[in-house]
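Please look over the sequence and structure before reading on.

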Amino acid sequence: MRKLKLAFIGGGLNSAVGMTHKIASQMDGRFELTAGCFSPDKCINEQTAKEWHPERLYATWVELLAEEKNKSDVLVALTPTLLHADIIVAAVKSGYPVISEKALTSSVADARRIKTALDDLQGYLAVTFNYTGYPMLRELKSVIKQNRLGKIQQIQIEMPQEGFARLGQDGRPVVPQEWRLSDGDIPTISLDLGVHLHSIIYFLTGERPLEVTAVQDSFGSFRQIIDNVICIAKYSNGLICNIWYGKTALGCRNGLKVRVYGELGSAEWYQMDPERLFLRDNRGQEQVLDRGSLGVNVCGLPRYGRFKAGHPAGFIEAFANLYCDIADSITAYMGKSSYDAEYVYGIDEALEGLCMFQSVDKAAKNKTWVNVERDSE
């Protein structure tokens with residue numbers, strides 16, 4: 001199978017996500033990084049190329065798009081979120097399939113620009129909601145699809161982190177990248193964390209957000225931005241979700257946890273213990289599943305067994321699982337053949353998430369319930 005050639009825009013050595021994308025995309029031999037414009041900073045751009053050895057390096061993303069046509073198969077957008085829209089629209093218009101780091105954009109308006117370009121040109125876009133690559137979360141999706149929990153009534157999902165309240169070795173706040181220290185149409189915390197939680201709820205249940213209410217606060221070291229959000233969301237099919245995310249929960253490195261409650265049973269998965277899924281039923285029985293359990297449907301597949309159960313796989317492997325799915329879908333797209341992209345999300349899911357968190361911001365400011373716009377229908 002031919003490796004697909006990747007060109008990165010952004011993602012240099014000083015970025016939060018570049019190294020992860022580089023490793024995950026190439027872990028299973030489906031992609032190779034052959035070109036890049038990794039940073040507008042000349043030194044970082046060249047230093048990254050020196051470390052990663054792409055065949056071609058460009059000073060600007062405009063130059064890359066012009067020169068890589070018929071050389072690279074796929075463009076990967078890894079710049080700060082607010083820069084995504086112009087790059088992705090230009091790439092789609094140039095004929096590139098595009099992979100974008102989440103959040104797709106910093107505003108609903110920018111996401112709609114991308115959707116228009118994709119619709120007009122029958123373009124390809126995948127957005128890396130990477131947590132859905134965990135095998136046990138995929139097993140939970142299968143459990144729900146089999147109706148083992150009965151009708152899903154509520155989901156408690158949270159993603160507490162501590163980065164905006166922690167102190168460094170010098171006793172001072174640890175300052176994040178500058179672009180994370182301002183809020184636009186949608187608070188940056190919702191773009192960073194909230195969109196993951198929207199994607200996981202949809203991934204597990206297929207249900208859509210209809211109406212939200214929320215409170216937003218600034219508790220940490222950077223009071224000019226929202227850093228904590230608590231939301232109640234009404235979803236389709238009567239599903240109720242409690243959603244909490246923030247970066248001032250001291251003691252929580254990344255406390256992503258999802259608890260699903262149905263008429264017949266419940267399930268719990270915690271990202272810091274990613275290889276185990278807890279199931280409980282209405283007779284008081286508890287079952288703990290991992291990749292080695294008998295009777296599992298998804299997590300025991302050979303593709304998830306880079307090494308046998310009992311040797312924990314983690315974040316990078318989950319990211320690589322998603323990259324494999326994206327490779328399959330891009331290969332089908334380029335061959336003009338159909339592909340059931342069960343695990344690959346694109347413009348509709350990303351746009352819906354942005355609409356949801358725009359509504360969350362509005363609900364918090366107006367202290368009321370707000371309907372979620374329905375762009376994806």
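At what angle do helix 5 and helix 9 pack, and how far apart are their axes? In this predicted model, helix 5 (residues 108–121) and helix 9 (residues 347–366) pack at about 160 degrees, and their axes are 9 Å apart.

**Helix 5 and helix 9**
- Angles over 145 degrees count as roughly antiparallel, and helix 5 and helix 9 are therefore roughly antiparallel to each other.
- The crossing in which helix 5 passes helix 9 is left-handed.

**Nonpolar cores**
- The largest nonpolar core contains 88 residues, and L75, I243 and Y245 have the most contacts inside it.
- Apart from neighbours within four places in sequence, Y245 is in contact with M159, I189, S190, L193, G194, L197, N228, V229, F357 and V360.
- A second, separate core has 23 residues, among them F8, A24, V74 and L78.

**Loop position G29**
- G29 is located in the loop between helix 1 (18–26) and strand 2 (31–37).
- Is G29 buried, partly exposed or exposed? G29 counts as partly exposed because its relative accessibility is 28%.
- G29 and V229 are 200 residues apart along the chain, and their C-alpha atoms are separated by 39 Å.

Methods: Residues numbered from 1 in each chain as written. Predicted model: local features only at pLDDT ≥ 70, side-chain atom pairs only at ≥ 80, totals over all residues. Heavy atoms only, no water. Axes fitted to C-alpha atoms, helices over the stretch in contact; angles between N-to-C directions. Helix = DSSP H or I, 4+ residues; strand = E, 2+ residues; numbered from the N terminus. Parallel < 35°, antiparallel > 145°, perpendicular 65-115°, else oblique. Left-handed = near helix turned anticlockwise from the far one by under 90°. Core = buried A, V, L, I, M, F, W, Y, C linked by side-chain atoms within 4.5 Å. Buried < 20%, exposed > 50% of the residue type's maximum accessible area, 1.4 Å probe, protein only. Contact = heavy atoms within 4.5 Å.
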